[in-house]
Amino acid sequence: MSKETEKQRWQRNFADLLQELRVAQTGVQILFAFLLTLPFSNGFTRTSAFQKDVYIVSLLAAAAATAMIISPVAFHRALFRQGRKPELVRFAHRMASGGLAFMLISMVSAVLLITDFVLDRGIAMLLSGLTALWFLTFWAILPFSRRNWGEDDIDDDDDNPRTSAED
């Protein structure tokens with residue numbers, strides 16, 4: 001198998017990142033749509049001031065996540081055919097990471113909002129904390145702990161921090 005050129009690697013990294021963003025984009029858009037409709041439901045008038053505050057945090061975090069996860073498309077349009085794929089990949093990586101962080105905040109806030117509405121506040125806080133820990137485990141702890149595993153393997157250049165476009 002032939003070794004890919006630097007240009008091919010940047011193109012592959014960008015294509016991989018776009019595939020990842022498609023998955024995240026769908027999830028955040030569904031959450032955002034749900035949050036946008038929530039105030040118009042019959043039961044929303046029964047929410048407490050705390051729940052309304054949590055709702056606003058969740059809504060704004062979902063909006064921020066949506067903006068950041070979709071922003072690589074606008075950036076790509078602005079840089080189209082300018083030969084700046086490395087810059088585009090680095091930007092898209094940062095926006096995807098930031099978007100995931102805001103998505104985490106929005107999802108945990110949404111869990112807190114719903115559980116606080118139907119359960120006692122203490123249980124809602126516990127379940128929301130466990131939800132945050134669950135997401136952090138799969139979105140941060142496991143991936144970052146895995147970054148250095150198998151550095152001696154040369155099967156995939158993405159595992160080598162010196163050649164990875166995502167760094």
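Me: In which helix is Arg-12 found?
Reply: This is a predicted model, where local features need pLDDT of at least 70, side-chain atom pairs count only at pLDDT 80 or more, and totals for chains, interfaces and linings use all residues. Residues are numbered from 1 along each chain as its sequence is written, and side-chain values use heavy atoms, with hydrogens and water left out. Helices (DSSP runs of H or I, at least four residues) and strands (runs of E, at least two) are numbered from the N terminus. Arg-12 is found in helix α1.

Me: Is Arg-12 buried, partly exposed or exposed?
Reply: Buried means under 20% relative accessible area, exposed means over 50%, and partly exposed lies in between (1.4 Å probe, protein chains only). The relative accessible area of Arg-12 is 25%. Arg-12 is therefore partly exposed.

Me: How far apart in space are Arg-12 and Val-89, C-alpha to C-alpha?
Reply: In sequence, Arg-12 and Val-89 are 77 residues apart. In space, their C-alpha separation is 9.9 Å.

Me: How far does helix α1 reach from its first C-alpha to its last?
Reply: Helix α1 covers residues 6-37, which is 32 residues. The expected span is 1.5 Å times one less than the number of residues, and for α1 that is 46 Å. From first C-alpha to last, α1 comes close to this, reaching 46 Å.

Me: Which helices do the buried residues of α1 pack against?
Reply: The buried residues of α1 include Trp-10, Phe-14, Leu-17, Leu-21, Ala-24 and Val-28. They pack against α2 (49-79) and α3.

Me: Are α1 and α2 roughly parallel or roughly antiparallel?
Reply: Their axes (lines fitted to C-alpha atoms, for helices over the stretch in contact, with angles from 0 to 180 degrees between N-to-C directions) come within 9 Å and cross at roughly 150 degrees. Angles under 35 degrees count as roughly parallel, over 145 as roughly antiparallel, 65 to 115 as roughly perpendicular and the rest as oblique. So α1 and α2 are roughly antiparallel.

Me: How many residues in the contact of α1 with α2 are nonpolar, polar and charged?
Reply: Contact means heavy atoms within 4.5 Å. Among those that meet are Phe-14, Gln-25 and Phe-32 in α1, and Tyr-55, Ile-69 and His-76 in α2. Ala, Val, Leu, Ile, Met, Phe, Trp, Tyr, Cys and Pro count as nonpolar, Asp, Glu, Lys and Arg as charged, and the others, Gly among them, as polar. The residues divide into 15 nonpolar, 5 polar and no charged.

Me: Is α1 roughly parallel or roughly antiparallel to α3?
Reply: The axes of α1 and α3 come within 10 Å and cross at roughly 25 degrees. That angle makes α1, relative to α3, roughly parallel.

Me: Is the crossing of α3 and α4 left-handed or right-handed?
Reply: The axes of α3 and helix α4 (residues 121-146) come within 8 Å and cross at roughly 155 degrees. This makes the two helices roughly antiparallel. A crossing is left-handed if the near helix is turned anticlockwise from the far one by less than a right angle, and right-handed if clockwise. The crossing of α3 and α4 is right-handed.

Me: How many nonpolar residues does the contact of α3 with α4 have?
Reply: The contact is made by residues including Leu-100, Met-103 and Asp-116 of α3, and Arg-121, Phe-135 and Trp-139 of α4. By class, 3 residues are polar and 2 are charged. The number of nonpolar residues is 14.

Me: What distance separates the C-alpha atoms of His-93 and Leu-18?
Reply: His-93 is found in helix α3 (residues 85-118). With a relative accessible area of 28%, His-93 is partly exposed. Leu-18 is 75 residues from His-93 along the chain. The C-alpha atoms of His-93 and Leu-18 are separated by 9.7 Å.

Me: What distance separates the C-alpha atoms of Ser-97 and Met-68?
Reply: Ser-97 has its place in helix α3. At 38% relative accessibility, Ser-97 counts as partly exposed. Along the chain, Ser-97 and Met-68 are 29 residues apart, and the distance between their C-alpha atoms is 8.7 Å.

Me: What pattern does the protein follow, read along the sequence?
Reply: The protein has 4 helices and 0 strands. Read along the sequence, the pattern is α-α-α-α.
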